[in-house]
Every structure is written in C-alpha cells, then in structure tokens.
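Welcome! Take a moment to look over the sequence and the model shown here, and then we can walk through them together.

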Amino acid sequence: MEKDTILVVDDSDIICSIVKGILETPSLHIYIVHSGEEGIIAAKKLHPTLILLDIIMNGIDGYETCQILKSSDETKDIPVIFITGNNDSDSVLKGFEVGAADYVSKPFIPEELKARVKVHMQNIKIQRELQFLMKELKEMAVTDYLTKLYNRRYFADQLQVYVTQYMLPIFLLLFDIDNFKKINDSYGHNAGDMVLVTVSNIFKLLLREEDILSRWGGEEFMICLPNISEEETIDLANKLRKEVSKYTFNCDNNTFQCTITGGIIKYDRSISAEKNYSNVDQALYLGKSSGKNRCIYNDPILESTN
Ligand SMILES: [Mg+2]
C-alpha cells in the first residue's frame, strides 16, 4: 500500500522536528519545508494526504499559502491544518475563511495533534473510497455488466454527439447472433454468456477507436462507424462476421461454432434516430430471413455472403 505523506510547512526547525517526532510512524512519511513558496511547490510535486501549515512565516504567510493551494486544481482537495500560536478567535476564523480544515495551537499537546491528524486522514480515505465508488457507479450506468460494452442508452447519447457535431458520414451496423436460443438450450447459459463475451471481444479487436460498440439488447450488438465509406463499412461488417464464424467455442467439454447476421445502413440525418434504428433492424431482418450468416446493406440492398 502507498505510504501517506504529511507535508509540514513551518519556518521553525524546532517546531518541524517536534511535529515529526510526534507524528512519524512506519506508515507515515513526514516531509518538511520552511516557507510558503516551498510548500506550494512540494504540495504540487508530492500530493500529500494532508498539509500542516504555519501562519506566521517570512515571504508569503500561511493564509496566502493556503489561498494559493485552494485555488489550484492540483492541490485544492488536500486538507490544510493551520499550526498557530494565535489561537485567538480572529486568526482561527481567518484560517477557516481561506479554506483550512482545522487548526492546532502551539505548544502542541502530542495526543491532540495526533488525534486531529488522524481524523482528517480518515476523512480523506473515506472521500477517496466514495470517489472510487462514484466512478464505478458511473461506469455501471453506461456499460453492460456481462460484456462490459456500452449499453443502449450510452450508445444513443454518443451517436447524437457524432450526428450533431460532425458532418461526416456515419454507418450503423446491427448484428445478431444466429440461433442463440439453441446455443443456450444445447450447451447451457454459461455457453451463451461465453459467446456474448467472445463476440464482443472479437468486435473490440477489429473496430477502430472512434467506433462505438454497444450491446443493444439480448444477443444484439449495435455499432456506429463514423467517417468511413460504404465499401469499407461492408468490408468491415463481413470481416467481423467471418471472424466470428471461424471461432471455435469451448465450454464445459462442448465445442461448437456460431454465426452472426448483420444489418447495415448509412445514417440518415434527415430522419430521427429511432427511424434509423428501425431501418437497420429491417436490414438485419432481411439477412435473417434470407438465410443468416450474412450482412445486408439496406438501400440500396446488396447482399453479401462472400
Ligand atoms: Mg512561524
């Protein structure tokens, strides 16, 4: 685990060594500087967990140092505890006004200093955990739990960004795994899940960074391809289809293969997204009804099984 660092900014050597003596433990690194200017540089470089900051120093004082720290994105979230000889209410209040989280008065009572530092370190840890959870939640809201692909809602939002912000041609591909129910019935739901994940991975490998790949629902995948020609789209669709059909699945001592069918359309900006979805669905339906394992480009309809 990463060691926590406390940055101590105080122009007095004696104060610094007292603080170090009280707080230092094997899991806590104490870094000392003697001016506000050095403190700002060290805070940006070290990203300490906490800063203990003296108020009265030569050069910029503690209040100004704190204001500078709080005005920078890099350092604004690091809690600052003022070290003050002035525990009159005005200077304490001023400390809070410039963004301090707390203060400790000199001379230190070791147990008090330890306790205050501990509380703020714990708060920081809780905050970090919350941020991590928030990030996970955000990801969960836009991705499919099984394949980790974007979900339908995120796809629709991103597609709108492409449609409205760029004037480039956009193509939509809608793929469906052929006879998926039969795979589940014959080899079990683990096999079905494995097929979904593997097909997702094959797509991810072959698609470009700017393409949006989503699990559209059940065993359907919707792909948005921006800035690409009709010919390249059809080639890419068939490449995806062929790669899937070549793959041998292995699950619970069963080996099997599967195929996919794809619908392709050029996105039409003059009609709604819903209408475009329904057009690509129509192309997919044509592929299904004409024998599966093929990609159908709708309007003009070109069938491709080569
Ligand atoms: Mg001082």
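At what angle do helix α7 and helix α8 pack? Helix α7 (residues 180-187) and helix α8 (residues 189-206) meet at about 135°, and their axes are 6 Å apart. Axes here are lines fitted to C-alpha atoms, for helices over the stretch in contact, and angles between N-to-C directions run from 0 to 180 degrees. The angle makes α7 oblique to α8; under 35 degrees would count as roughly parallel, over 145 as roughly antiparallel and 65 to 115 as roughly perpendicular, with the rest called oblique.

Before going further, a word on the model: it is predicted, so local features need pLDDT of at least 70 and side-chain atom pairs count only at pLDDT 80 or more, while totals for chains, interfaces and linings use all residues. Residues are numbered from 1 along each chain as its sequence is written, and side-chain values use heavy atoms, with hydrogens and water left out. Helices (H or I, at least four residues) and strands (E, at least two) are DSSP runs numbered from the N terminus.

From α7, the contact uses Phe180, Ile183, Asn184 and Tyr187, and from α8 it uses His189, Ala191, Gly192, Val195 and Leu196. Contact means heavy atoms within 4.5 Å. Sorted by class, six of these residues are nonpolar, three are polar and none is charged. In this sorting Ala, Val, Leu, Ile, Met, Phe, Trp, Tyr, Cys and Pro are nonpolar, Asp, Glu, Lys and Arg are charged, and the others, Gly among them, are polar.

Setting aside neighbours within four places in sequence, Asn184 is in contact with His189 and Gly192. Its C-alpha atom is separated by 9.7 Å from that of Val195, eleven residues apart along the chain.

Phe203, leaving aside neighbours within four places in sequence, is in contact with Phe175, Leu213, Phe221, Ile223, Leu240, Val244 and Ile260.

**The magnesium ion**

Which residues coordinate the magnesium ion? They are Asp11 (OD), Asp54 (OD) and Ile56 (O), at 2.1 to 2.5 Å. Along the chain, these donors follow the spacing D-x42-D-x1-I. Asp11 sits in the loop between β1 (4-9) and α1 (13-23), and Ile56 in the loop between β3 (50-54) and α3 (62-71), so the pair ties together parts that are 45 residues apart in sequence. Donors are N, O and S atoms within 2.8 Å of the metal (3.2 Å for Na, K and Ca); water is not among the atoms, so sites may look incomplete.

**Buried or exposed?**

The table gathers several residues by relative accessible area. Buried means under 20%, exposed over 50%, and partly exposed in between (1.4 Å probe, protein chains only).

| Residue | Relative accessible area | Class |
|---|---|---|
| Val8 | 0% | buried |
| His120 | 11% | buried |
| Asn184 | 13% | buried |
| Asp11 | 34% | partly exposed |
| Asn227 | 47% | partly exposed |
| Ile56 | 55% | exposed |
| Lys148 | 57% | exposed |

Val8 belongs to strand β1. His120 is found in helix α5 and touches Leu50, Ile81, Ala101 and Asp102, with residues up to four places away left out.

**Backbone details**

Lys148, in the loop between α5 and α6 (152-165), has a positive phi of about 65° although it is not a glycine. Asn227, in the loop between β8 and α9, is not a glycine either, and its phi is positive at about 55°. Finally, a cis peptide bond joins Lys106 and Pro107, with omega about -5°; Pro107 lies in the loop between β5 (102-105) and α5 (110-142).
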